[in-house]
Amino acid sequence: MAQTVLVLDFGGQYNQLIARRVREANVYCEVKSYKTPIAEIRAINPKGIIFTGGPKSVYLDDSPRMASEIFTLGIPILGICYGAQFLVYGLGGEIGAASAESAAEFGRTDCKFDTSSPLFNGLKKESVVWMSHNDYIKKLPDGFKAIAHSAKCPYGAIENADKKFYGTQFHPEVNHTEQGFDMLKNFLFNVCGCKPDWTMQNYAEIATKELREKIGNGKALLALSGGVDSSVACKLLANAIGSQLTCIFVDHGLMRKNEGDEVEAAFNGSGVNFVRVNAGERFLGKLKGVTDPEKKRKIIGEEFIRVFEQEAKKIGAVDYLVQGTIYPDVIESGLGDAAVIKSHHNVGGLPSYVDFKEIVEPLRLLFKDEVRKLGSALGLSDTLVWRQPFPGPGLAIRIIGEITPEKVAILQDADAIFREEIASAKLDRAINQYFAVLTNMRSVGVMGDGRTYDYTLALRGVTTTDFMTADFSRIPYDVLEKVSNRIVNEVKHINRIVYDITSKPPATIEWE
Ligand code: XMP
């Protein structure tokens, strides 16, 4: 395994972003809670530690704190925002509260740097940083000095060069901090002495070897959806254990046009046992007459499990069940009880009915962009690697109201035209998700010399990085015009097309 940098999470909003930035610098890192026992940190033996920001003030009774032993490990530390304040507080300095002083700063702030510090080496002496803090560093602990300041903040960044402890009151991980990524790289390479040895090529080799050792002669089972995660997991496992792997692809008949065949073509004959179950009629049967979005989702989720179970039984006892869990799922699991907006159906979440000994999650350490890079390193086609996210319930949640085979066919054809035109306008990577929705509304139109009374189709395109929030894409009118003309001309029963101009929130990305 590559060298590790540890990101200790104090509850900040940007913890994942810090980890991604470190990985972008080709240094492996893990995010752990600030509650991680010191013994565990010693065992990981990280090259450096980053304390994240957090919403609390260090003086509150319930603010997150670590045992002071963390400062005696001889490991370089970078504290960010709350992390810097905790560093100061933990080493005997003083933090001022915003209620008493007026040193709070929010947003873009000009900052001056001491470029003789290894943290700012090679940087411009002055640039914009992103500040977001109420409390501020008032008095430094022994051995520290200021290495950056803003108009309001004399200790914009601090250093104890002997101990290799650094703190920034601002957030170097966010894009608004102009030289932020360079600062993080300076910390990793100048201060911690990391090597940029985390590449997906390396990962593929190491993971393949580890999977071989773990699985031995055993049998593994994978639910393949054709999405990027399960496809990459499949390829990795296929390289490691070949025909000991069986992939079950449940085609629920609600895939996009030709998608079932594309998935089959990509994996059938690739050395693994590939089973495609054509269960379209079965799913549509269960969905007959159902209009409630949550009911649709539940029915599909459950039916999926039943089909998978039947197929798994045919194969017999399997030793390992492969899941495509990725790192954000690992970081996010167990963080509070967010309101349920939609019950997500994921092929990853298969329950314990299948007779298997253990779960294997070969992607659990990777972010989405890393999964894509790994897919390319493993030789998967661009179509699979860059496939936009597609929800488990498929077109069922893009057909408003009752689902019929006729509506599925209409939507598949319309959606295919939309995707074709977006790709030919070379917008397919700039827009993170785009698709058509068949509304349940009909309206009057005129075609040729006759009256029509047909469906309204909605187009949706969003830009987003995390899919938790999203902005509607500003697709050029001429592209929309072409899509609209082609769909009304080529797809029967659509006579009106609208473009969804809501962001998330308040809307969600999918319509159901
Ligand atoms: P929403 O509609 O909640 O969607 O804004 C956010 C992202 O999640 C996808 N999505 C799903 N993915 N199973 C999935 O695997 C699901 O049940 C599901 N529902 C929504 C959606 O396509 C978008 O990318």
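Q: With which handedness does α8 pass α9?
A: Two packed helices are described by the angle and the distance between their axes. In this predicted model, local features need pLDDT of at least 70 and side-chain atom pairs count only at pLDDT 80 or more, while totals for chains, interfaces and linings use all residues. Numbering runs from 1 along each chain as its sequence is written, and side-chain values use heavy atoms, leaving out hydrogens and water. Here α8 passes α9 in a right-handed crossing (the near helix is turned clockwise from the far one by less than a right angle). The axes of α8 (280-287) and α9 (293-315) come within 10 Å and cross at roughly 145 degrees. Axes are lines fitted to C-alpha atoms, for helices over the stretch in contact; angles run from 0 to 180 degrees between N-to-C directions. Helices (H or I, at least four residues) and strands (E, at least two) are DSSP runs, numbered from the N terminus.

Q: Which residues make the α8 to α9 contact?
A: From α8 come Arg-282, Phe-283, Lys-286 and Leu-287. Among those from α9 are Ile-299, Ile-300, Phe-304 and Val-307. Contact means heavy atoms within 4.5 Å. Six of the contact residues are nonpolar, one is polar and five are charged.

Q: What is the strand order in the open sheet?
A: Strands of a sheet pair through backbone hydrogen bonds, parallel or antiparallel. This open sheet has nine strands with mixed pairing, ordered β2-β1-β3-β4-β11-β10-β9-β6-β7. β2 (28-33) and β7 (126-133) are the edges; each has a single partner, so one side of each lacks a neighbour in the sheet. From one strand to the next, the twist averages 25 degrees. Pairing takes at least two DSSP bridges. β6 (105-113) and β7 run antiparallel, joined by eight. Phe-106 faces Ser-132 of β7.

Q: Which strands does α3 touch?
A: α3 packs on the sheet against β3, β4, β7, β10 and β11. Its direction makes about 120 degrees with that of β4. Seven of its nine residues (82-90) are buried, so α3 is largely enclosed by the rest of the structure. Tyr-82, Phe-86 and Leu-87 are among the buried ones. Buried means under 20% relative accessible area (1.4 Å probe, protein chains only). Just after α3, Gly-92 takes a positive phi of about 95 degrees.

Q: How many disulfides does the structure hold?
A: A disulfide is a covalent bond between two cysteine sulfurs. The search finds zero, with sulfur pairs within 2.5 Å as the criterion. Cys-153 has its nearest cysteine sulfur, that of Cys-111, 7.4 Å away. Cys-153 is buried at 3% relative accessibility.

How values were computed. Buried < 20%, exposed > 50% of the residue type's maximum accessible area, 1.4 Å probe, protein only. Nonpolar A, V, L, I, M, F, W, Y, C, P; charged D, E, K, R; others polar.
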